[in-house]
Amino acid sequence: MSGPETRMATVGWRELVHLPELGLHNVPAKIDTGARTSSLHGVVLEKFARDGAEYVRFAVDFERQHVRQVCEAVHVDRRGITSSNGKTQFRYVIKTPLRIGNLEFRAEISLADRSDMKFPMLVGRSALRRRFVVDSGHSWLQTPGLEVEKGYKP
């Protein structure tokens, strides 16, 4: 294999990701090349202005741990996002640093109700593009040691 592919890290179909500015770490995420935009389970609490910038305050619920994390981020956009069931929802979009393995970059992430989904986060192809290749036969490739733990469930 030659060319730019050789310089990209490999991710599995699920990975632990970090959103450091939001105070969210080890978030189980599904890597989904079929989705353009990344998505985070977040319930929008309010939109407000600070220092001339539009912000959104939202809650991320980790039901298995019975934890609610309230986060704030610069509100980049509100746009129609078509979900896998073909329905379009208008969602808030934030831009925040995202870290997978040792690579950190700014990513656009839509806030959606993912309470009925197995993973609280989905990483779409816009975040993956020119950074990662996906090995769909493996999991946790960017989390050393986790791939050997049997029975790990996010």
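Author: The account below begins with the basis of the model, turns to the pocket, and ends with the surrounding chain.

This is a predicted model, in which local features need pLDDT of at least 70 and side-chain atom pairs count only at pLDDT 80 or more, while totals for chains, interfaces and linings use all residues. Residues are numbered from 1 along each chain as its sequence is written, and side-chain values use heavy atoms, with hydrogens and water left out.

The largest pocket has a volume of about 650 Å³. A pocket here is an open set of points, on a 1 Å grid over the protein atoms alone, where a 1.4 Å probe fits, with protein on both sides within 12 Å along at least five of seven lines; lining residues have an atom within 4 Å of a point. The volume is the space filled by probe spheres set on the points, which are joined across faces, edges and corners. The lining comprises 27 residues, and those closest to the centre of the pocket are Thr82, Ser83, Ser84, Arg91 and Arg114. Strands S7 (67-82), S8 (88-100) and S9 (103-112) are the elements that each give two or more residues to this lining. The largest contribution, four residues, comes from S7. Strands are DSSP runs of E with at least two residues, and helices are runs of H or I with at least four, both numbered from the N terminus. By class, the lining of this pocket holds eleven charged, ten polar and six nonpolar residues. Here Asp, Glu, Lys and Arg count as charged, Ala, Val, Leu, Ile, Met, Phe, Trp, Tyr, Cys and Pro as nonpolar, and the others, Gly among them, as polar.

Of its 154 residues, 41% count as buried, that is, under 20% relative accessible area with a 1.4 Å probe and protein chains only. The C-alpha trace spans about 45 × 35 × 35 Å along its principal axes.

As to confidence, the average pLDDT of the chain is 88, and 91% of the residues score at least 70; pLDDT is the predictor's confidence in each residue, from 0 to 100. Over residues 148-152 the pLDDT is below 50, and this stretch has four contacts in the model beyond near neighbours in sequence, a contact being heavy atoms within 4.5 Å.

Definitions and conventions: Buried < 20%, exposed > 50% of the residue type's maximum accessible area, 1.4 Å probe, protein only.
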